[in-house]
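Reader: I would like to learn how to read a fold, going from the whole chain down to a single residue. Could you take me through one case with care?

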Amino acid sequence: MARIIDQQKKNLIGERVRFYRIQRGYSQQQLADKLETLAVYICRGSISRIEDYSRTVTDLELVALAEILQVSVLDLLPE
């Protein structure tokens with residue numbers, strides 16, 4: 001059985017992170033800066049890679065992204 005990280009998509013939330021980031025009016029750099037206030041260090045390039053599904057996301061990063069984007073963790077997951 002293939003592991004999820006062996007698939008082409010390395011996360012499930014990329015599209016929704018991008019959607020909510022844009023909805024909040026944040027650039028990728030602004031989102032990275034806001035995450036840093038929670039001691040979650042994701043650079044602008046890594047935000048881009050999350051959004052294009054080429055980077056995995058840890059559970060701690062998922063929670064921080066939801067907090068900064070002012071949504072629930074479930075809002076970031078696909079239906």
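Author: Let us begin with what counts as an element: helices are DSSP runs of H or I with at least four residues, strands are runs of E with at least two, and both are numbered from the N terminus. Please keep in mind that this is a predicted model.

Reader: With that definition, what pattern does the protein chain follow when read along the sequence?

Author: Read in that direction, the protein chain follows α-α-α-α-α, in keeping with its count of 5 helices and 0 strands.

Reader: How should I read the radius of gyration of the protein chain?

Author: One sets the value beside that of a compact globule, which for 79 residues would be near 12 Å, and because the protein chain has 12 Å, the two agree. Along its principal axes, the C-alpha trace spans about 40 × 25 × 20 Å. The chain exposes about 5200 Å², of which carbon and sulfur atoms supply 52%, while 35% of the 79 residues count as buried.

Reader: How are two packed helices described?

Author: The description consists of the angle between the axes and the distance between them. Here helix H2 (residues 28–36) packs with helix H3 (residues 44–51) at an angle of about 110°, their axes being 8 Å apart. Since angles of 65 to 115 degrees count as roughly perpendicular, that makes H2 roughly perpendicular to H3.

Reader: Which residues in H2 meet which residues in H3?

Author: On the H2 side they are Gln28, Gln29, Leu31, Ala32 and Leu35, and these meet Arg44, Ile47, Ser48 and Glu51 in H3. Sorted by class, this contact has 4 nonpolar, 3 polar and 2 charged residues.

Reader: Does Arg21 count as buried or exposed?

Author: The cut-off for buried is under 20% relative accessible area, so Arg21, at 9% relative accessibility, counts as buried. Arg21 lies in helix H1 (residues 14–23), and, leaving aside neighbours within four places in sequence, Arg21 is in contact with Tyr26, Ser27, Gln28, Leu31, Glu51 and Leu69.

Reader: Which residues are buried in helix H4 (residues 59–69), and what do they pack against?

Author: The buried residues of H4 are Glu61, Leu62, Ala64, Leu65, Ala66, Ile68 and Leu69, and they pack against H1, H2 and helix H5 (73–76). Just after H4, Gln70 takes a positive phi of about 60°.

Reader: How much of the contact pattern joins residues at least 24 apart?

Author: Among contacts between residues at least 6 apart in sequence, 65% join residues at least 24 apart.

How values were computed
Residues are numbered from 1 along each chain as its sequence is written. This is a predicted model: local features need pLDDT of at least 70, side-chain atom pairs count only at pLDDT 80 or more; totals for chains, interfaces and linings use all residues. Side-chain values use heavy atoms; hydrogens and water are left out. Axes are lines fitted to C-alpha atoms, for helices over the stretch in contact, and angles run from 0 to 180 degrees between N-to-C directions. Angles under 35 degrees count as roughly parallel, over 145 as roughly antiparallel, 65 to 115 as roughly perpendicular and the rest as oblique. Contact means heavy atoms within 4.5 Å. Ala, Val, Leu, Ile, Met, Phe, Trp, Tyr, Cys and Pro count as nonpolar, Asp, Glu, Lys and Arg as charged, and the others, Gly among them, as polar. The radius of gyration is taken over C-alpha atoms; the globule rule is 2.2 Å times the number of residues to the power 0.38. Buried means under 20% relative accessible area, exposed over 50%, partly exposed in between (1.4 Å probe, protein chains only). Accessible areas come from the Shrake-Rupley method with a 1.4 Å probe; for residues, only the protein chains shown count as cover.
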